[in-house]
Amino acid sequence: MKFFIDTADVNEIKSAMEMGLIDGVTTNPTLISKTGRPFLEVAKEILEIVPGPVSLEVVSLDTQGMVDEARQLAKLGDNVVIKIPMTTEGLKAVKILSSEGIKTNVTLVFSPLQALLAAKAGATYVSPFVGRLDDIGHDGMELISQVVQIYENYGFETEIIVASVRHPQHVLQAALIGADIATIPYKVIKQLAKHPLTDIGIERFLEDWAKVPDRESIF
Ligand code: E4P
């Protein structure tokens with residue numbers, strides 16, 4: 001299973017990279033605006049740090065506008081992936097871009113049929129949003145199971161990115177279902193590593209180590 005980090009904060013990206021966990025990055029206009037920095041400056045810095053796929057989102061709503069933005073963004077690096085919203089105009093853009101060899105990530109996917117359309121249009125990645133579905137009383141992870149099954153039924157190569165991840169249980173469920181990727185906020189990545197029994201264990205070992213007579217002459 002691949003882990004992407006869902007952030008535009010370069011310090012978070014660097015820290016997660018140092019842990020050896022990060023295979024790629026996803027951004028969106030909200031995450032970019034949180035940095036308070038110019039879009040292109042942030043995008044270029046992320047692309048310098050991360051060798052894996054980096055999703056950058058278009059903001060046009062019409063096919064031609066999306067394609068024009070995508071072509072510009074794709075020039076920033078071989079690892080750029082263009083995030084396209086799940087609309088009919090977006091699907092047309094995905095078809096054009098995939099024929100040009102530009103990688104796409106169809107975002108804001110909330111139903112299995114939307115995911116099926118994204119794959120048929122030739123998307124490289126599809127991003128079903130689990131947290132936002134849970135927020136309105138639906139079952140986000142059920143959507144992931146359905147998309148995995150549909151893609152397996154027909155042998156689609158589009159990779160499934162579990163997006164809008166809110167907590168470690170989303171990551172666990174994604175791994176059990178067999179999703180290709182989870183894109184995870186930095187806060188949740190840190191939660192994945194944490195367990196109270198690990199902290200208690202370290203504390204006890206250090207207390208006991210303090211009783212070992214020759215400890216100061218060893219290190
Ligand atoms: C996915 O690529 C999106 O950037 C992201 O997961 C959205 O998550 P949110 O619902 O927490 O905004």
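Ala, Val, Leu, Ile, Met, Phe, Trp, Tyr, Cys and Pro count as nonpolar, Asp, Glu, Lys and Arg as charged, and the others, Gly among them, as polar. By these classes, the shell around the ligand has 2 nonpolar, 7 polar and 2 charged residues. The structure is a predicted model, in which local features need pLDDT of at least 70, side-chain atom pairs count only at pLDDT 80 or more, and totals for chains, interfaces and linings use all residues. Residues are numbered from 1 along each chain as its sequence is written.

**Ligand surroundings**
- The residues that surround the ligand are Asp6, Thr26, Asn28, Thr107, Ser127, Phe129, Gly131, Arg132, Ala163, Ser164 and Thr183; a residue is near a molecule if its C-beta atom, placed from the backbone, lies within 6 Å of it.

**Overall architecture**
- The protein chain has 11 helices and 8 strands, where helices (H or I, at least four residues) and strands (E, at least two) are DSSP runs numbered from the N terminus.
- Along the principal axes, the C-alpha atoms of the protein chain fill a box of roughly 75 × 40 × 30 Å.
- Of its 219 residues, 35% count as buried; a residue is buried if 20 or more other C-beta atoms lie within 10 Å of its own, exposed if 12 or fewer, and partly exposed in between, with C-beta atoms placed from the backbone.

**The barrel**
- In the order S1-S2-S3-S4-S5-S6-S7-S8, 8 strands close into a barrel with parallel pairing; two strands pair if DSSP finds at least two bridges between them.
- Strand S6 (residues 125-128) pairs with strand S7 (residues 159-162) in the parallel sense over 2 bridges, and Tyr125 stands opposite Glu159 in S7.

**Helix H9**
- Helix H9 (residues 168-177) has the buried residues His170, Val171 and Ala174.
- Seen down the axis of H9, these buried residues fall within an arc of 100 degrees (the arc of the directions from the helix axis to the C-beta atoms), so they line one face of the helix.
- An α-helix has 3.6 residues a turn, so residues three or four places apart point the same way.
- The exposed residues Gln169 and Leu176 are on the face of H9 turned away from its buried side.
- After H9 comes Gly178, whose phi is positive, near 95 degrees.

**Leu143 in helix H8**
- Leu143 lies in helix H8 and is buried, with 21 other C-beta atoms within 10 Å.
- Leaving aside neighbours within four places in sequence, Leu143 is in contact with Pro112, Pro128, Val130 and Leu133; two residues are in contact if their C-beta atoms, placed from the backbone, lie within 7 Å.
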